[in-house]
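Opening the notebook on this one. I want to go through the cavity, the sheets and the core, in that order.

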Amino acid sequence: MLRGAALRVTRPRVAVLGAVHALPHADTDSIIREVRRELPEVSHQAVYDSLHTLTAAGLVRRIQPSGSVARYESRVGDNHHHVVCRSCGVVADVDCAVGHAPCLTASDDHGFTIDEAEVVYWGLCSDCSTTSSA
């Protein structure tokens with residue numbers, strides 16, 4: 001994947017990419033912990049740099065729901081959306097709301113050529129719904 005994106009293959013990049021694939025919607029601290037299982041000596045900065053490079057190359061996607069820390073995922077290129085639990089913060093993928101990318105048609109595009117829409121659905125996950133009604 002790295003070579004296909006014209007990126008140099010480094011141990012931190014490979015480890016970060018593996019961590020993002022292993023931990024969907026993980027925050028940076030979780031990714032650092034996972035990477036350090038394989039590369040105990042890796043610095044925070046090396047992980048941050050790798051995440052930035054992988055995101056810029058389109059190999060990972062950075063999302064940041066309102067009030068949340070940045071999270072990273074390996075599902076890229078399909079303009080899917082997310083649902084976030086208001087209670088525990090768990091994030092799950094939601095396929096496009098309707099139609100083809102950008103998934104939604106703006107009521108007024110103000111002359112923009114829209115190529116992506118970002119939608120975040122909010123609510124309670126099934127675990128938190130059960131807990132709050134008990």
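Which residues line the largest cavity? I got Ile-63, Gln-64, Pro-65, His-82, Glu-118, Val-119 and Val-120, where lining means an atom within 4 Å of a cavity point.

Housekeeping before I go on: this is a predicted model, so local features need pLDDT of at least 70 and side-chain atom pairs count only at pLDDT 80 or more, while totals for chains, interfaces and linings use all residues. Numbering runs from 1 along each chain as its sequence is written, and side-chain values use heavy atoms, with hydrogens and water left out.

**Cavity.** A cavity here is a set of points, on a 1 Å grid over the protein atoms alone, where a 1.4 Å probe fits but cannot get out.

**Sheet with S4.** I looked up an open three-stranded sheet next, and its order is S5-S4-S6 with mixed pairing. Strands are DSSP runs of E with at least two residues, and helices are runs of H or I with at least four, both numbered from the N terminus. Two strands count as paired if DSSP finds at least two bridges between them. Strand S5 (91-94) and strand S6 (120-123) are at the edges with a single partner strand each, so one side of each has no neighbour in the sheet. Neighbouring strands are turned by 25 degrees against each other on average, direction ignored (axes are lines fitted to C-alpha atoms). S4 (residues 81-85) pairs with S6 in the parallel sense over four bridges, and I see Val-83 opposite Tyr-121 in S6.

**Sheet with S3.** Another open sheet of three strands runs S1-S3-S2, with antiparallel pairing. S1 (26-27) and S2 (61-63) are its edge strands, pairing on one side only. S2 and S3 (residues 71-73) share three antiparallel bridges. Ile-63, from the cavity lining, has Arg-71 in S3 as its bridge partner.

**Core.** The largest nonpolar core has 20 residues, and Val-16, Ile-31, Val-35, Val-47 and Leu-54 touch the most other members. Members are buried (under 20% relative accessible area, 1.4 Å probe, protein chains only) Ala, Val, Leu, Ile, Met, Phe, Trp, Tyr and Cys residues, joined through side-chain atoms within 4.5 Å.

Definitions and conventions: Buried < 20%, exposed > 50% of the residue type's maximum accessible area, 1.4 Å probe, protein only. Axes fitted to C-alpha atoms, helices over the stretch in contact; angles between N-to-C directions. 1 Å grid on protein atoms, 1.4 Å probe; cavity = no way out; pocket = protein on both sides within 12 Å on 5 of 7 lines; lining within 4 Å.
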